Amino acid sequence: MATRMLVALTLIAAALTFTACGEEAASTGTATAPASASPSAVTASPTTREVSPVLPVTVDDRDGNSVTIRDVSRLVILNGDITEVVYALGLGEQVVGVDTSATYPPEARAKQSIGYQARLNAEGVLALTPTLVIGDEGAGPPEVIEQIRSTGVPVLILPDAVTIDDISTKITAVATALGVPGRGAELAAQTRREIDSATDLVRRATSKPTVSFLYLRGSATQMMGGKGTRADSLIEAAGGVDAGVRAGIDDYKPITPEALVTASPDVILVMDAGLESIGGVDGLLAIPGMAETPAGKARRVVHFDDQYLLGFGPRTGQLLIELVRALHPELAQTN
Amino acid sequence: MRLVSRPNGATWGAWAAIRPRVALYPMLGGLLVVALLLNVGMGAVQIAPDQVVAILLDRLGIHAGIDFTVQQENVLWSIRLPRVALAMIVGAGLAMSGAALQGIFRNPLADPGLIGVSSGAAVGAIALIILGTAPLGWASQPLAAFAGALAITLGVYVLSRNGGRTEVVTLVLTGVAMNAIAGSAIGLMNFVATDAQLRNIVFWTMGGLGGATWDVVLPVGLFSCLGMVGLWRHARALNLLVLGEREAYHLGVSTERVRLRVIAFATLVAGCAVAASGIVGFVGLVVPHLLRLIAGPDHRTLLPASALGGATLVLGADLVARTVVMPAELPLGIVTALAGGPYFLWLLRRTRAAQGGWA
């Protein structure tokens with residue numbers, strides 16, 4: 001019973017966090033908080049929210065292998081993106097290991113680290129005696145994933161979320177695998193509602209700024225995002241035009257002054273850590289060609305926490321709303 | 001510098017003659033066994049020595065009456081043993097091909113990395129990732145690495161050869177240039193790679209032995225052993241070549257054919273190592289030099305001794321790589337370069353002091 005309470009409380013905490021900022025997505029059951037451990041509160045939500053995971057489940061992974069999951073009491077999560085979803089599903093207590101990209105929620109950082117997602121070590125993961133190893137395509141090397149699988153531990157590798165529509169698919173997939181499809185459906189629906197409200201907001205916008213997403217890691221790595229990136233689909237959804245696509249960029253390519261001028265962005269979108277790594281907005285404006293762009297002249301730089309911006313998890317709806325407001329200042333006047 | 005004894009006596013050959021050579025193989029073998037046992041026994045998952053024995057016996061159908069968990073058995077059999085096997089194959093291969101290349105080029109600086117074997121193998125392996133095919137199944141990756149390595153190494157050899165011999169400086173500079181060309185080819189492939197390919201390239205380039213599975217170890221081990229046997233069969237010819245090309249020719253060695261064969265075998269062996277583990281530096285340089293100091297310049301001893309020594313060194317380095325930051329791990333190349341670099345500097349200083357330098 002104690003663990004049930006704990007799960008329920010975590011769930012409520014998660015629900016509170018996610019409803020707090022989403023304006024049109026209220027009334028997800030926060031009112032029933034004290035009683036939600038009882039079945040009556042569960043039936044209050046539109047879908048059936050599991051009190052505890054219902055197992056076993058059999059799901060297909062990215063490569064079409066079927067994976068049977070019998071126990072989710074010890075989870076090792078290979079990517080920060082999936083970690084965020086697992087916590088939002090209220091299963092943070094069951095997590096025993098995360099990779100170094102797991103920065104959200106903050107309590108995930110206290111878990112045992114298994115190293116960086118792209119440089120995993122099979123024994124390090126197995127030493128945590130996981131009952132399920134779950135991650136997305138960012139996890140590797142592939143041989144290490146294969147090694148872990150070969151020891152008989154269930155390993156579930158899910159496809160990456162690239163477009164905004166993939167987010168609810170990802171949430172649903174994680175929730176199904178963990179035996180909490182009801183919680184997943186609810187979280188996915190809520191995320192979708194928040195994304196929809198961002199879309200509604202975009203409809204009221206009158207401007208259509210050109211936005212360039214820059215991936216920065218000091219002076220050595222400076223890339224511009226283009227077609228097929230997560231940043232591209234965010235910019236589209238927020239009612240902007242992706243400057244990288246206009247400059248003919250596929251994926252991420254190094255920034256050149258000419259590409260910047262061709263792209264001619266009105267707004268620069270960056271991640272907090274990236275902006276910090278080049279010395280803030282002044283450092284950003286020092287990138288050759290930047291000062292000549294409309295964004296450089298107006299010093300229009302929009303920045304968000306790395307995982308918040310590109311995590312493509314349950315918080316993306318809130319992020320989008322913030323991004324829409326940042327890209328369309330005219331919305332503030334009409335409100 | 002020459003690898004043969006000089007009349008004045010202050011050389012590796014004479015130095016080694018003082019030592020009882022009989023003890024060489026037991027010593028190297030003993031070190032290898034110690035390294036092997038440490039590697040098998042240590043790791044993030046605890047497996048006691050008696051449990052290791054019990055698990056191995058269990059595979060043979062003998063129940064030793066010592067308890068072990070399924071997890072321990074799986075970790076030992078699917079992760080640790082293939083990794084240990086790969087460490088030995090890679091270490092033995094790099095060191096042996098280094099020893100052979102130093103002989104064939106009559107140059108102490110020749111090392112699989114320096115003359116482009118490693119970067120050539122990288123070009124081959126990465127090209128395969130970009131093309132997204134594996135036309136020859138499990139043999140594709142080692143063979144692609146071999147083809148790339150052979151192309152670059154032959155390029156270095158042909159371009160740095162002048163009048164039947166290779167000058168140290170010319171060889172080093174040709175190697176630098178060819179490595180630069182290979183590096184730019186790799187850079188170009190990185191540039192055109194899709195996201196998924198880039199990920200695979202990065203996994204591969206970072207190297208290390210973490211990806212060892214029996215599926216990788218068996219083909220790489222097979223080709224590598226073929227190459228090592230091939231090298232060993234040329235030990236006598238290598239000894240004669242070290243005397244000088246003309247001398248070797250008059251002693252009945254078909255010098256050109258031997259050179260090409262040794263380069264091909266050394267490239268196959270080192271290419272296999274690079275295909276399986278990425279670029280692991282310094283093993284091919286440091287191990288043969290160390291063993292020349294101990295065992296003398298005779299390739300009939302030097303080649304197998306280098307293989308044993310290289311296997312031991314890489315086992316040791318990998319043990320450090322995977323245990324110091326447990327449960328994560330360090331790239332293996334960092335550890336070998338950190339151990340090999342200072343040793344090489346010391347060797348350089350010492351040789352300089354003893355005989356006035358290598359040039």
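Is strand 8 (residues 210-217) of chain A mostly covered or mostly exposed, and how many of its 8 residues are buried? In this predicted model, local features need pLDDT of at least 70 and side-chain atom pairs count only at pLDDT 80 or more, while totals for chains, interfaces and linings use all residues. Residues are numbered from 1 along each chain as its sequence is written, and chains are lettered from A in the order in which they are written.

**View 1. Strand 8 of chain A and its covering.** Strand 8 of chain A is mostly covered, with 6 of its 8 residues buried (20 or more other C-beta atoms within 10 Å of a residue's own, C-beta atoms being placed from the backbone). Strands are DSSP runs of E with at least two residues, and helices are runs of H or I with at least four, numbered from the N terminus.

**View 2. The parallel partners of strand 8 of chain A.** Strand 8 of chain A pairs (at least two DSSP bridges) in the parallel sense with strand 10 (residues 241-242) of chain A over 2 bridges, where Val211(A) stands opposite Asp242(A). Strand 12 (residues 267-271) of chain A also runs parallel to strand 8 of chain A, joined by 3 bridges, and Phe213(A) has Leu269(A) as its bridge partner there.

**View 3. The hairpin of strands 8 and 9 of chain A.** Strand 9 (residues 221-225) of chain A runs antiparallel to strand 8 of chain A, with 4 bridges joining them, and Arg217(A) stands opposite Thr221(A). The hairpin has 3 residues between the strands, and Gly218(A) takes a positive phi near 70 degrees.

How values were computed:
Buried ≥ 20, exposed ≤ 12 C-beta atoms within 10 Å, placed from the backbone.
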